[in-house]
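Please walk me through this structure. I would like to follow its aromatic rings and one of its helices.

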Amino acid sequence: MEQLTRRTCMTVAAAGAAASAFGRSSQAAVVGGSDPESLAGLAKAKGLTGFGNAIGGVDQPGSAFGDLGARQIQLRECNILVPENELKWTAVHPSPRDFDFHGADVLLDWAEQNGMKIRGHNLLWLRPDRNSDWLNNYDFGPRPGSEAERLLREHVTTVCRRYGNRIFTWDVVNEAIDPVTGKMRDMVFSRHLGDDCMDIVFDAARKAAPQAQLVYNDFMTWGDNSVRHREGVLKLLDRTRSRKVPVDVLGVQSHIGAGEIGGVKGTMTFDAREEADWKSFMDAATVLYPRLQITEFDVSEVGTPADIPARDRIVADLARRYLDMMLRYPGLDHVMCWGMLDHHSWLQSRTRRADGMLKRGCPYDPNYQPKPLRQAIADAFRNAPMRA
């Protein structure tokens with residue numbers, strides 16, 4: 001049974017009030033992404049569900065959600081919102097017996113008041129460095145497999161049932177494959193349950209959220225450094241398909257560019273060989289799972305010139321070539337950015353530029369002005385094939 005922390009019990013009413021206040025200050029009468037020339041409008045015109053963004057930082061000074069300009073851009077461009085951190089295990093399950101939904105409640109209330117659909121991210125992240133100390137050090141007792149399954153099902157069921165059909169798609173499992181070895185990551189659930197942890201978490205999600213699209217989400221990319229990652233993901237998808245695990249969608253994070261994620265460095269080139277390798281992977285993946293979502297798009301532009309116009313052109317060109325290719329897959333349903341504004345982006349703390357300058361991997365700059373990357377996304381939607 002769900003047990004809420006005292007903090008959540010005290011703040012549930014305040015959460016609704018805060019969401020209402022944010023809505024009023026952010027033009028609550030505006031339905032998110034309703035302008036036909038918004039990125040969401042352009043996506044919907046081609047038959048996609050839309051375009052969205054990760055935003056969060058409830059109760060955090062200087063966060064994107066606490067920034068009126070960031071909320072206004074979210075409303076103008078997006079018809080989908082994904083909480084950046086507020087639905088992760090570390091946020092909603094702070095101790096073995098307690099759940100805390102304060103931050104997620106605020107974000108979901110605000111999104112709904114402004115006509116946005118909601119993605120859920122995520123129910124299980126198979127990286128110990130992204131989970132709570134209490135979970136990494138949990139005593140699973142004399143029957144660790146049984147206790148691991150109980151704990152995992154309890155978490156998934158509690159979170160999914162709380163939000164029901166308010167969330168239209170869930171990243172059920174995030175980053176299960178170690179990009180260096182190509183095998184399933186070692187963390188408490190895979191250690192005690194083996195490959196069955198995938199079956200269990202998706203089964204629990206299907207039962208608790210039968211209406212939602214269930215997603216396997218990962219950050220594989222092109223280039224020689226990602227070969228084992230791509231191969232491992234294909235093996236995982238082949239296994240889930242053959243075992244009839246209820247995976248509906250492949251989530252392609254799309255943190256593209258020359259940054260480092262999970263110990264793997266990307267490239268800015270996307271040359272003919274890299275594009276062919278990536279297409280080969282995507283063709284194989286979509287045979288197994290035709291339905292796709294771009295879940296966390298941004299561009300890490302490490303190594304590009306300091307000159308801002310030149311840098312912005314390089315970023316926009318890479319994004320346009322990548323999105324043009326991905327939008328040719330008819331099963332691609334929507335595109336999500338992982339941050340609309342450079343200064344709020346997680347990229348600023350990852351693989352810093354040698355010159356110390358702010359990275360420019362998001363569609364809007366710190367002055368809340370659209371950049372060539374925003375135009376590249378818009379043009380990719382305009383030129384995308386119409387969905388049947």
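R241 lies over the face of Y289, 5.4 Å from the ring centre. K117 takes up such a position over F168, at 4.4 Å from the ring centre. Keep in mind that this is a predicted model.

Now take the rings themselves. A pair of aromatic rings is described by the distance of the centres and the angle of the planes. The structure holds 16 aromatic pairs. In one of them, F99 and F101, the ring centres are 5.9 Å apart and the planes meet at 10 degrees. Planes under 30 degrees apart count as stacked, so this pair is stacked. Both F99 and F101 are buried.

W222 and F270 form another pair, with centres 4.2 Å apart. Their planes are at 35 degrees, so the pair is tilted. W222 sits in the loop between strand 5 and helix 10, and F270 in the loop between strand 9 and helix 11. The pair therefore ties together parts that are 48 residues apart in sequence. W222 is buried, at 3% relative accessible area. F270 is buried too, at 1%.

Helix 10 comes next. It has 16 residues, 227–242, and should span 22 Å at 1.5 Å a residue. Its end C-alpha atoms are 23 Å apart, which agrees. The buried residues of helix 10 include H229, V233, L236 and T240. An α-helix has 3.6 residues a turn, so residues three or four places apart point the same way. The buried residues of helix 10 pack against helix 9, strand 5, strand 6 and helix 11. K244 follows helix 10, with a positive phi near 60 degrees.

How values were computed:
Residues numbered from 1 in each chain as written. Predicted model: local features only at pLDDT ≥ 70, side-chain atom pairs only at ≥ 80, totals over all residues. Heavy atoms only, no water. Helix = DSSP H or I, 4+ residues; strand = E, 2+ residues; numbered from the N terminus. Expected span 1.5 Å × (residues − 1). Buried < 20%, exposed > 50% of the residue type's maximum accessible area, 1.4 Å probe, protein only. Contact = heavy atoms within 4.5 Å. Phe/Tyr/Trp six-rings, centres within 6.5 Å; stacked < 30°, edge-to-face > 60°. Lys NZ or Arg CZ within 6 Å of the ring centre and 35° of its normal.
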